[in-house]
Amino acid sequence: MYAQMVKSNATQEDPEKLAAFQARIDAGEKIEPKDWMPEGYRKTLIRQIGQHAHSEIVGQLPEANWITRAPTLERKANLLAKVQDEAGHGLYLYCAAETLGVSRDQLTEKLLNGTMKYSSIFNYPTLTWADMGAVGWLVDGAAIMNQVPLQRTSYGPYARSMVRICKEESFHQRQGYHVMMAMANGTAEQKRMAQDALNRMWYPALMMFGPSDKDSVHSEQSMAWKIKMNTNDELRQKFVDETVPQAEYLGLTVPDDALAWNEATGHYDFSQPDWTEFYDVLQGNGPCNTDRLKARQKAWDNNAWVREAMLAHADKKHARKLAAE
């Protein structure tokens, strides 16, 4: 009955409680904040939701850089709306993480001291306007591939937060593809820029799904707890299968000489990303790691007065309430 239970250090607690908890997971029930949960489950959720939230916030930086340089007023308004959406996504996710007993201040401190990561894709630069198309099409496309299944994840607040996020990410992907379509059907130079953006973003986008299943540290337990619904390699394959025809429609070439349709499997064969590069970027050695964290540190420091003012107001409000009682 409890075949999905994974025996690891993350699950060394009361066997009866663990069995009952796993039975709820296997039955498709949602776990809510006040329910009993294994400490490993809680910590895994904090890690995943925290990294997801940080990725939404840091992900604004490569795009905000282009708001003032968008080619038309409509493109500027669209990009501004998208960046605002990403801020909202971060807020939803920080709120979901707070139901697990961790504050957003604590999560931010973990980001700034390097003990919590964000998606490696945001450590790559956005060099041209075409990158705004590639980010929307590829990066948000990969995000959707990751996030749609999370609407069925076992933790209620996380699953519910993903419903609106996925709807908005779908809009972002279409917006990005529209930019790429305009570039690919524009001048020869514009099409060259679109191809260059695809060339640079393709493998970092494939890395967004995480390391291959054989090298993934957390996947087995996360799958058993239904925190994750699909393996990294399953999602990566699905992304390739859906994205390659889109590139062909644009008249662009996916930068992979090994890419080929496999009739036997019904999927595309493709080259794996450079995993050495992936881990190097995670360790802080990507093209923009330093700049991204500097920007977050600056925002944290410059806005300290806002946090202090809000806390002071909350303390005063609490004091008035106590006095009234």
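1. On a 1 Å grid over the protein atoms alone, a cavity is a set of points where a 1.4 Å probe fits but cannot get out, and a residue lines it if one of its atoms is within 4 Å of a point. The largest cavity here is lined by Glu-63, Arg-75, Asn-78, Leu-79, Lys-82, Trp-129, Met-132, Gly-136, His-172, Gln-175, Gly-176 and Val-179.

2. This is a predicted model, in which local features need pLDDT of at least 70 and side-chain atom pairs count only at pLDDT 80 or more, while totals for chains, interfaces and linings use all residues. Residues are numbered from 1 along each chain as its sequence is written, and side-chain values use heavy atoms, with hydrogens and water left out.

3. The structure holds two cavities of 30 Å³ or more. The largest has a volume of about 90 Å³, where a volume is the space filled by probe spheres set on the grid points, and points are joined across faces, edges and corners. Helix H4 (73-98), helix H6 (130-147) and helix H7 (156-184) each supply at least two residues of its lining; helices are DSSP runs (H or I, at least four residues), numbered from the N terminus.

4. The lining of the largest cavity has four nonpolar, five polar and three charged residues. In this scheme Ala, Val, Leu, Ile, Met, Phe, Trp, Tyr, Cys and Pro count as nonpolar, Asp, Glu, Lys and Arg as charged, and the others, Gly among them, as polar.

5. The second largest cavity holds about 50 Å³ of space. Its lining consists of Pro-62, Ile-121, Phe-122, Tyr-124, Thr-126, Val-135, Val-139 and Met-201. By class, seven of these are nonpolar, one is polar and none is charged.

6. A pocket, by contrast, is an open set of points with protein on both sides within 12 Å along at least five of seven lines. The largest pocket contains about 1,200 Å³ of space. It is lined by 46 residues, and Arg-47, Gln-51, Met-208, Phe-209 and Gly-210 lie nearest its centre. Helices that each supply at least two lining residues include H2, H9, helix H10 (232-250) and helix H11 (275-285). The lining divides into 18 nonpolar, 18 polar and 10 charged residues.

7. The second largest pocket has a volume of about 560 Å³. Of its 16 lining residues, Arg-104, Asp-105, Thr-108, Trp-300 and Arg-307 lie nearest the centre. At least two lining residues come from each of H4, helix H5 (104-112), helix H12 (289-302) and helix H13 (304-324). The classes are nine nonpolar, three polar and four charged.

8. Thr-108 lies in helix H5. Is Thr-108 buried or exposed? At 7% relative accessibility, Thr-108 counts as buried (under 20% relative accessible area; exposed is over 50%, partly exposed in between, with a 1.4 Å probe and protein chains only). Leaving out residues up to four places away in sequence, Thr-108 touches His-54 and Trp-300 (contact means heavy atoms within 4.5 Å).

9. Met-310, in helix H13, is exposed, with a relative accessible area of 57%. Met-310 and Ala-188 are 122 residues apart in sequence and 53 Å apart in space, C-alpha to C-alpha.

10. Helix H1 (residues 15-26) has 12 residues and reaches 16 Å from its first C-alpha to its last, close to the 16 Å expected (1.5 Å times one less than the number of residues). Its buried residues are Leu-18, Ala-19, Phe-21, Gln-22 and Ile-25. These cover an arc of only 165 degrees around the axis, so they sit on the same side of H1; the arc is that of the directions from the helix axis to the C-beta atoms. The buried residues of H1 pack against helix H2 (39-58) and helix H9 (219-224).
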